[in-house]
Amino acid sequence: MNKFFGANGLLASDSELFVFRKEQLEYAKAVSKTIESEGVGIVEGGTGVGKTLGYLIPHIEYAKQFGGRILIATRTKNLQDQIFRKDLPLLKKYFDFNFALLKGRENYICRGRLKEALERSELFKELDYYHALKVLEDFDEKDETGDIESAYDLIAQFGKEGRMALNDVRATDDTCTSDHRNFCRHYRALRDSEKSLVIVANHHLALLWPQSFPEVRYAVFDEAHSLEDAATDLFGPIFSTALIRSRLRRLYSREKKSITILSKFSRAEIEKYGIFEIVEIIEELKILLSEFDSLTLSKKFDSEIKRRIKDQELISENWSQIVDEAKRVETAVRKLSREIFTLQKKMEKEDESNVLCEKINKSALSFEEYANYAENIFRIIPVDKSVLWYESFPDRPITYRRSPINVGPMLVENVYNKFHSVILTSATMQVSGEFSFMEERLGIISPETDNSLEESEVQKTILLDPCRRIAPLSVGHPFDYKDKVLLCLVREESENSSEPLSIAERIMEIAKLTQGRMLALFTNKLRMLEVKKNINLDGIDVLAQYEDGSRYALVRRLKSNPNTVLLGTRSFWEGIDVPGENLSVVVIEKIPFTSPGEPLYDARCEGVGKDWFMRYALPTALLTLRQGFGRLIRKEDDSGIVVILNPGKKSYISKILRTLPECKKIDANFESVLAEIKEWWAK
Ligand code: SF4
């Protein structure tokens, strides 16, 4: 690795911008060792280490010599773009290789659906729907990435009709018939991937990695601190009437301008294949879905709710009514699936269009899958390995989920055992100097069992072969935080210190000194918005997530105007990247413990046993805290202040401090902290 990363290595001699970092060299060596040992290992590297090159080069070198393809998976699109547009092109200088960026099909517009939608809407040219389709057509031809997310702003002007147009042209598994493959962005990316040594994708796609995708030998999960969330999302059934309705809309709709699978049949074919019967089942199913919704929505939630369905609720009258309704839905969905399969068989006998047959088959499969999900969620008695819960947003159908409490066994089976080697990396993989928490959560080591748990409660897990585990390593970070960061722990005597008004006052005092340049991080949306209401600053823009624009737009405003205070909740604790002085202060409202009542959190705390606070609650909070802290220093010459307003009990302050990089600290009341900030800022 010295050849590349050494002080006189290739990178140093080829680029004046390259700075030799011993941490990067150590990082690359650790990656190299994991690949050579066919292992699974965590390698942590702080901001500025140069992790991306640190894992790309050892992988490409090894793969060039021994063969095999490399998969790089990240959580965020930003990082995927950075790797694809900046880091990989740079390496073309040293290696002859191809690379590709692969996204899930639903990230693209389907040329086939777009063509059909346009043909059909020729009759409705005066409608916004038609104009939205034309905008999408233009976008698909011209946009370099073709990523449908980039089209959201373009069609926002068409409101509901625009959203409908977008749904009608989005590429989906059940409507894809593989025609127009030559122009299809998804297939183009797949073809590029087949010819590539390195494929960049997101966590979800990497966890699924269908057999039809190009074979991969080596995997790197960057931003791996959030891999557990992605796996939790993916490895559990979901039931929502909204999802079934959206599949139904793709199959059949009374709306004339809608593109549906059944609208492809001529009158004669409708008679011949008895399609009326399918339509009848669909209409019956729609009624059942409405009945299910009216039963489950009877509580009328005004705000976003996530709630666990505990064992005692499963014997309640209310739950048994829900189960009865769900059974009716499940039966109807199964019946529909069977009828569609029958239709497919009839068509095959008649040697009808392959394309349509394929659509019919995919539709039947998707309904079968929903019926299985309904069965799994409503009819299988929960076992210790999963948690049953629901989430609800105002005026939207409830979504029911059964999520795994421990995703480790699934990662072992679907990821670690599938690849020659797996690197799990991020700037935040350890808690208070230890990796055991993350290794347990990600299934690299088996969870410590708690003697207080009954034998039946101890989860039987699929374990990683211990020989494949590579001891985790942190290479630290190249920045000297001692000179760069002032960490303030604000000790308050007053009981009101966590009230929105008090937090708003603290934020205003600090923002007046620094003229904004601030990111304030919260754990609760309502409290954050309440705080915002109480902030009043002359000449400083106060912006909040949920109220003042998308995350992307808000970050852009902070980047373009230093006199800004930006308030955000969970998703703002990570991935916000504002290098330079426009982000000089990070205010943390309190240690980011997850609220009790959050279904997965509660179930995981219980799963850990009596020591749940130290073994689950505190580590998860500290990992989030590290992420929040990490928003401040993004490049070598950055510096600034981190203020933790309510650091909580003295007993775990030492854990907090061990979690964060060593820097100048003050642990005092707000007046003293403010005086220190003033002095620091004046420097
Ligand atoms: S290959 Fe599938 S998703 Fe792509 S354009 Fe064709 S039908 Fe649509």
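**Getting to know a predicted model**

Q: Where is Gln515 found?
A: In this predicted model, Gln515 is found in the loop between helix H21 (500–514) and strand S13 (518–521).

Q: What makes the phi of Gln515 stand out?
A: Phi of Gln515 is near 55°, a positive value, and the residue isn't a glycine. Most residues other than glycine have a negative phi.

Q: Why is Gln515 called partly exposed?
A: Its relative accessible area is 36%. Buried would mean under 20% and exposed over 50%, with partly exposed in between, so 36% puts Gln515 in the middle class.

Q: Why does Ser432 count as buried?
A: Ser432 has a relative accessibility of 5%. The cut-off for buried is under 20%, so Ser432 counts as buried.

Q: What is the phi of Ser432, and where is its place?
A: Ser432 also has a positive phi, about 50°, although it is not a glycine. Its place is in the loop between S10 and H19.

Q: Which residues of helix H18 are buried, and what do they pack against?
A: In H18 (residues 408–416), the buried ones are Gly408, Pro409, Leu411, Val412, Val415 and Tyr416. Their packing partners include strand S1 (40–44), helix H11 (203–208) and strand S5 (218–221). Strand S10 (421–426) and helix H19 (436–441) are among them too, and the loop with Ser432 runs between S10 and H19.

Q: What surrounds the ligand?
A: The ligand has Cys110, Arg111, Gly112, Ala171, Cys176, Thr177, Ser178, Asp179, His180, Cys184 and Tyr187 around it. The space it takes is the largest cavity.

Q: How do the residues of the shell around the ligand divide?
A: Five are nonpolar, four polar and two charged. Asp and Arg count as charged, so Arg111 and Asp179 make up the charged pair. Cys, Ala and Tyr count as nonpolar, and Gly counts as polar.

Q: What does the secondary structure of the protein come to?
A: There are 27 helices and 18 strands.

Q: What share of the 683 residues of the protein count as buried?
A: That comes to 54%. As for contacts with a separation of 6 or more, residues 24 or more positions apart account for 77% of them.

Terms used: Residues numbered from 1 in each chain as written. Predicted model: local features only at pLDDT ≥ 70, side-chain atom pairs only at ≥ 80, totals over all residues. Heavy atoms only, no water. Near = heavy atom within 4 Å. 1 Å grid on protein atoms, 1.4 Å probe; cavity = no way out; pocket = protein on both sides within 12 Å on 5 of 7 lines; lining within 4 Å. Sits in = over half its atoms within 2 Å of the grid points. Helix = DSSP H or I, 4+ residues; strand = E, 2+ residues; numbered from the N terminus. Buried < 20%, exposed > 50% of the residue type's maximum accessible area, 1.4 Å probe, protein only. Contact = heavy atoms within 4.5 Å.
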